[in-house]
Amino acid sequence: MASTTISLRTDSELKFQAEAILNQLGLTLNGTFNMLLQQIVREKSVPLSLSLTSQNGLYADLLLAEQERNDGFKGFSSDDVLRDMDLLIAEAEKKI
């Protein structure tokens, strides 16, 4: 695939702030812009949410989980989760 160069103008402080956030996410400005273009082509729309409030609780949960892993949290085994689910179901069935 042939590549091309795109040049755009933006406020230097805006660029600096965006790069700082993208860096925390493990992304680059160039990579993020390419993802944006790919999604525009795939969805045939501009994938922006124009909202005055943020509804991205899932992303916040993912960041928290990542921080917990970085702090040493190992999580639960699938056996532990299934055992807990079985106990909850049995408890719920007793109350019916």
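How many Å² does the accessible surface of the protein come to, and what share belongs to carbon and sulfur atoms? The total is about 9300 Å², with 58% on carbon and sulfur atoms, by the Shrake-Rupley method with a 1.4 Å probe. This is a predicted model, in which local features need pLDDT of at least 70, side-chain atom pairs count only at pLDDT 80 or more, and totals for chains, interfaces and linings use all residues. Residues are numbered from 1 along each chain as its sequence is written, and side-chain values use heavy atoms, without hydrogens and water.

The protein has four helices and zero strands, counted as DSSP runs (helices H or I, at least four residues; strands E, at least two). Its radius of gyration, 21 Å, is well over the 12 Å that the globule rule gives for 96 residues, so the protein is more spread out than a compact globule. That radius is taken over C-alpha atoms, and the rule is 2.2 Å times the number of residues to the power 0.38. Buried residues (under 20% relative accessible area) make up 1% of the 96 residues.

The largest pocket holds about 870 Å³ of space. Among its 23 lining residues, L29, N30, T32, F33 and N34 are closest to the centre. A pocket here is an open set of points on a 1 Å grid where a 1.4 Å probe fits, with protein on both sides within 12 Å along at least five of seven lines; lining residues have an atom within 4 Å of a point. Helix 2 gives the largest share of the lining, eight residues.

| Lining class | Count |
|---|---|
| Nonpolar | 14 residues |
| Polar | eight residues |

Nonpolar means Ala, Val, Leu, Ile, Met, Phe, Trp, Tyr, Cys and Pro; charged means Asp, Glu, Lys and Arg; the others, Gly among them, are polar.

Note on methods. Grid points are joined across faces, edges and corners, and a volume is the space filled by probe spheres set on the points. Buried means under 20% relative accessible area, exposed over 50%, partly exposed in between (1.4 Å probe, protein chains only).
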